[in-house]
Amino acid sequence: MEASLRAQRTAALLIFAFLSLLAVSSSAAQEIQILNAERRIDLSSQIAIVFLTLKVENTGKAAASEVLLSFPPTEADHLAEVKAQAASGKKRKKTHVPLDVKPTDVPDAPKGAKCFRIALLNPLSPGETSTIEVLYMLTHSMEPFPAEISQSEPQLVYYRDSAYILSPYRIKQQTTFIKTPSTNVLSFSRVEPTNRAGMELKYGPYEDRPAYSFSPVLVHFENNNPFAVVEELVREVEISHWGNLQITEHYTLAHGGAKLKGVFSRVDYQSRPGASGVSSFKNLLARLPARVHSVYYRDEIGNISSSRLRTDSRKSELEIEPRYPLFGGWKSTFVIGYGLPLEDFLFESTDGKRYLNFTFGCPLSGTVVDKLTVKVVLPEGSKDPSAVVPFPVEQHMETKYSYLDVVGRPVLVLEKKNVVPEHNTLFQVYYSFNPVFMLAEPLMLVSTVFFLFAACVAYLHIDVSIRKR
Amino acid sequence: MASPESAVNGPTMTAGAASKSLRNAFGGVIAFIILVLIGVLAFSIRLFSVIKYESVIHEFDPYFNYRVTQFLSKNGIYDFWNWFDDRTWYPLGRVIGGTVYPGLTLTAGTIWKVVNSLNIPLSVETVCVFTAPIFSAFASWAAYLLTKEVKGPGAGLTAAALLAMVPSYISRSVAGSYDNEAVAIFALVFTFYLYIKTLNTGSLFYATLNALAYFYMVCSWGGYTFIINLIPMHVLLCIVTGRYSSRLYIAYAPLVVLGTLLASLVPVVGFNAVLTSEHFASFLVFIIIHVVALAYYIKGILSPKMFKVAVTLVVSVGLAVCCAVIAILIAVVASSPTKGWSGRSLTLLDPTYASKYIPIIASVSEHQPPTWPSYFMDINVLAFLVPAGIIACFMPLTDSSSFVILYIVTSVYFSGVMVRLMLVLAPAACILSGIALSEAFNVLTRSIKNRKKEKENVEKKPTPSKTEKRLLVLPLEASVIAVLLLVLLGAFYVVFSVQVHCVWAAAEAYSAPSIVLTSHSNDGGLHVFDDFREAYSWLSHNTDVDDKVASWWDYGYQTTAMANRTVLVDNNTWNNTHIATVGTAMSSPEKQAWEIFHSLDVKYVLVVFGGVVGYPSDDINKFLWMVRIGGGVFPHIKEPDYLRDGQYRIDAQATPTMLNCLMYKLSYFRSDFIPIHKTDGKGFDRVRRTEIGKKHFKLTHFEEVFTTHHWMVRIYKLKPQRNRIRGKTKKSKSSRSVSSKRDVRGKRNPWH
């Protein structure tokens with residue numbers, strides 16, 4: 001009885017919330033228009049990096065506090081990161097203020113489109129204009145075609161997008177620039193006016209397009225940049241209050257580009273490095289924090305000897321070579337581990353809690369991580385762990401048993417899909433810890449040795465024979 | 001015998017005796033500390049491989065053991081016993097649980113389990129790598145116990161120290177060399193210790209322990225037959241020399257009964273423990289010792305006259321029965337083709353057997369007879385100390401010292417047959433050298449000891465034995481000291497040089513894991529050749545899980561363990577025909593080879609080629625064995641076809657059969673295009689130091705899919721069959737030829 005009542009109440013609440021949301025968003029959609037939009041798409045690596053500059057005007061009567069962005073369904077799945085910032089001031093003295101971006105639902109959007117809500121710093125009063133800069137990244141958005149190439153062929157890819165920016169607002173004027181990694185562009189769709197100059201394609205300017213205009217375009221071009229995809233990365237960060245931070249990273253690396261067809265010839269690969277296997281890659285660079293020590297690089301069958309570590313006072317660079325050069329479709333797994341001094345990363349907050357301040361993303365430069373798991377192993381006896389991450393992640397807790405553990409160490413697991421180098425930002429894990437627990441393990445060792453000796457002494461002094469001597 | 005000190009000191013507690021007991025107590029503590037240090041030495045001298053290279057499993061067989069241990073730790077003991085491995089010997093498979101000596105695997109698996117239940121997160125690999133060094137420390141402690149039983153604690157400590165660093169044993173037990181011998185030598189020495197202990201004490205408790213130690217040895221290594229033949233030999237020796245005692249009976253009879261029962265529990269031994277000829281000696285001696293025991297018993301209860309009558313009666317009846325039994329035995333044994341002996345045992349008894357009949361045993365380098373330098377390399381000056389030790393064992397000759405003499409004599413013979421059995425010789429040599437050194441020191445320091453005693457007991461009357469001993473020693477004190485110093489110096493020189501040699505052997509000669517090769521470049525840098533793991537890693541990540549990989553059997557264990565791919569043949573070599581099939585394919589022309597491999601579902605062929613970097617133990621150098629083994633089963637492969645005037649060559653003078661065989665083609669395919677060979681001339685083979693005979697050829701039935709950085713491993717894929725085109729005239733002809741070929745092979749291949 002009571003349960004059904006509660007259900008009713010929640011349902012009513014939900015409907016109310018939904019309706020109010022609808023009202024807000026539809027009203028916002030009506031009363032804003034974009035005066036000028038400029039989009040620059042950079043396709044020179046495996047990640048499509050898009051800079052979008054919007055000049056927004058409030059044409060309505062009420063003040064607008066947010067602006068909506070929308071993405072077509074093909075891009076929605078590949079969207080790794082959306083960032084927005086407000087630009088104010090003139091060219092030289094431009095100041096940038098980051099804005100909050102949240103996913104949202106817009107009822108009158110086309111099916112499958114994904115929308116984001118940008119919260120403005122100051123509500124836009126009627127008639128006022130503002131400039132918003134948006135940066136977003138798309139992974140796996142370049143499709144190799146042909147899907148299989150031989151060792152001597154370059155890698156060609158398709159990139160699909162729309163000539164018009166998909167937007168819930170009317171756009172008065174818009175231009176799109178697409179930058180390709182080389183001048184070798186085999187074909188591109190034309191939506192007049194379309195121009196090509198060197199490595200740049202220009203779509204537009206287009207005047208006065210209604211909301212949700214869409215015109216698919218296809219660009220076919222050569223991209224020999226390494227398509228290094230980390231299919232899965234597990235980073236384990238283990239805190240030891242005795243002064244060490246131990247990081248272990250398990251990689252599953254794949255070449256996400258066009259698959260190698262048929263023969264791999266070592267002769268051609270070694271004798272003509274420029275002409276053979278241009279899309280393959282054989283080394284990667286990992287940027288590690290400064291003061292890194294005890295670095296190892298191995299896989300399940302032992303050490304991989306081809307790596308080089310350069311350290312200076314500000315950063316460390318580990319150059320690694322997988323066991324074999326990676327061609328399209330080839331995979332490899334390996335582990336990188338290193339230690340760091342704890343004082344660089346663990347601090348005490350004002351309320352007496354401790355917190356770890358560490359980078360989240362993958363240290364390998366220029367890679368896309370499909371699934372990233374960060375495990376923060378806290379010392380035994382830590383309580384109330386909580387993570388502060390600047391973007392949405394999935395969280396859960398685990399327990400790990402390691403040296404001399406009795407109750408196990410709490411492990412905070414953070415999971416995120418589709419991670420790009422832009423996610424290499426700091427995150428914090430707060431936890432409370434009683435310093436007495438630090439003594440538990442040494443005391444255990446000492447008492448074990450003590451009891452061992454006590455047992456020896458007792459054994460030597462007790463006559464256990466039945467017969468009297 | 002158990003506690004002589006207490007027996008001496010207990011009743012008469014005079015001042016001198018008190019100080020002596022104190023000295024004994026200190027001696028005990030010092031001996032204990034020395035033993036701990038010896039253990040540390042034995043462990044740490046074997047870590048060169050980890051420090052110089054890495055913590056990795058070595059060579060070939062250890063990879064199999066590692067894989068089995070992984071299976072055991074993942075799936076548990078019951079699945080392990082029932083494990084049918086379908087990843088090897090395709091399509092036959094192998095019953096691992098029933099064909100493997102489980103001792104090593106179970107030991108490492110248990111260590112891993114205990115360590116992990118204590119929340120120490122060690123990987124299975126780490127445990128496997130360090131099992132051998134741990135057990136070599138145990139082995140040196142066992143050597144201490146054994147030698148102590150024979151000649152006292154001084155000799156024991158010397159023997160333990162020597163065994164801790166004898167190169168022959170180091171070669172088989174460096175960290176990472178995870179092989180049966182790693183634990184088996186400990187088990188062997190410990191079993192011998194318990195046997196001697198039982199012999200000295202006559203305690204049934206030690207006899208039971210002895211049977212258990214023997215059981216552990218049977219679990220660990222096929223070399224257990226050495227124990228079960230050596231101990232009966234010793235018992236027989238004792239009986240023949242009139243040293244029969246009830247202690248001997250207790251030491252032997254329970255071992256045979258319990259030991260045989262326990263041994264037959266091990267699946268790989270099973271009924272072999274009573275059926276094969278390797279065990280007959282023990283049963284024969286078992287009967288003899290009972291007859292002798294009965295004779296002694298009857299002799300005890302009968303008067304001498306009656307006994308004589310009984311003897312004549314029993315001997316006449318007994319002889320007749322014995323003759324009958326022996327006749328039956330011989331008939332049974334002779335009816336089996338190998339006379340009840342396994343191939344390796346026969347090789348031991350007749351060193352020429354393998355090279356005559358079983359090329360697969362002869363093809364393994366560790367089954368070759370050793371050379372003199374290898375004796376010096378492996379046991380060094382111990383070889384010269386052993387005779388002295390034998391002499392020391394003869395004064396006085398006891399049951400236990402006669403056993404040690406028997407042990408050294410037999411193991412010297414066995415080590416002379418197979419270089420691998422040098423390992424059995426090593427503990428014996430260490431024990432005897434320990435005895436020799438300890439006795440020498442004993443003799444030389446006697447004068448010092450006696451002088452001290454003389455000062456202490458001035459009033460006490462000198463016992464006659466002491467004066468005798470003093471007379472044996474030199475009369476002039478100055479010369480005593482001089483000689484003493486000289487000999488001490490000499491002894492230290494010996495010990496020191498041995499140590500230097502051992503450390504050198506451990507660090508330089510025996511630490512290379514053989515899957516990673518290193519070379520020093522001209523500027524002093526280290527160049528690493530990690531091609532094997534590169535290839536295995538490529539296979540494991542870029543081929544389908546169920547693909548079959550064909551290679552020569554040397555690389556079978558590594559392929560299954562590191563690449564996790566199914567192989568046709570591996571280092572277990574249990575099926576000669578299957579190996580011969582692979583050998584035949586390798587020595588056939590491309591088309592026939594493709595047909596053989598295709599009929600076995602092979603997808604990839606792996607060859608090892610050292611011609612680019614000069615790696616001598618590659619497949620081309622092993623190729624003649626492939627031809628021999630293949631030709632042994634399939635007679636159309638003839639060794640002379642591959643030799644030009646009896647010479648094995650791959651240059652322009654080589655025979656056409658050689659230049660067209662699969663191994664040649666897969667090894668040298670496109671190797672003549674390598675740019676680094678510009679200075680040498682095109683197609684120069686650095687191992688054979690010649691220009692190759694056939695260049696610029698194409699492959700028709702195989703395609704190269706991977707070659708490692710230094711060209712050491714090359715992997716080829718079988719090209720798919722051509723589509724059949726309807727209405728072509730060739731069709732009927734080709735199908736006929738294929739079917740006829742299958743008929744021919746049907747006669748040869750047992751599973752077609």
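Colleague: Is K698(B) buried or exposed?

Modeller: Keep in mind that this model is predicted. Exposed means over 50% relative accessible area. K698(B) has 70%, so the call is exposed.

Colleague: Where in chain B is K698(B), and which residues is K698(B) in contact with, leaving aside neighbours within four places in sequence?

Modeller: K698(B) sits in the loop that runs between β9 (690-691) and β10 (702-707) of chain B. N621(B) lies 77 residues away along the chain, and the two C-alpha atoms are 23 Å apart. Setting aside neighbours within four places in sequence, the contacts of K698(B) are E590(B) and F669(B).

Colleague: What is the nearest side chain of opposite charge to E439(B), and how far away is it?

Modeller: E439(B) belongs to helix α24 (residues 422-456) of chain B. Beyond its neighbours within four places, it touches K151(B) and A392(B). A salt bridge needs the nitrogen within 4 Å of a carboxyl oxygen. E439(B) is buried and has no salt bridge; the nearest side chain of opposite charge is K151(B), at 4.8 Å.

Colleague: What end-to-end C-alpha distance does helix α11 of chain B have, against the span it should have?

Modeller: Helix α11 covers residues 180-201, which is 22 residues. At 1.5 Å a residue, it should span 32 Å. The end C-alpha atoms agree with that, at 31 Å.

Colleague: How many residues of α11(B) are buried, and which residue follows the helix?

Modeller: α11(B) is mostly covered, with 20 of its 22 residues buried. After α11(B) comes a residue with a positive phi, near 70°: G202(B).

Key. Residues numbered from 1 in each chain as written. Chains lettered and ligands numbered in written order. Predicted model: local features only at pLDDT ≥ 70, side-chain atom pairs only at ≥ 80, totals over all residues. Heavy atoms only, no water. Helix = DSSP H or I, 4+ residues; strand = E, 2+ residues; numbered from the N terminus. Buried < 20%, exposed > 50% of the residue type's maximum accessible area, 1.4 Å probe, protein only. Contact = heavy atoms within 4.5 Å. Lys, Arg positive; Asp, Glu negative; His and termini not counted. Expected span 1.5 Å × (residues − 1).
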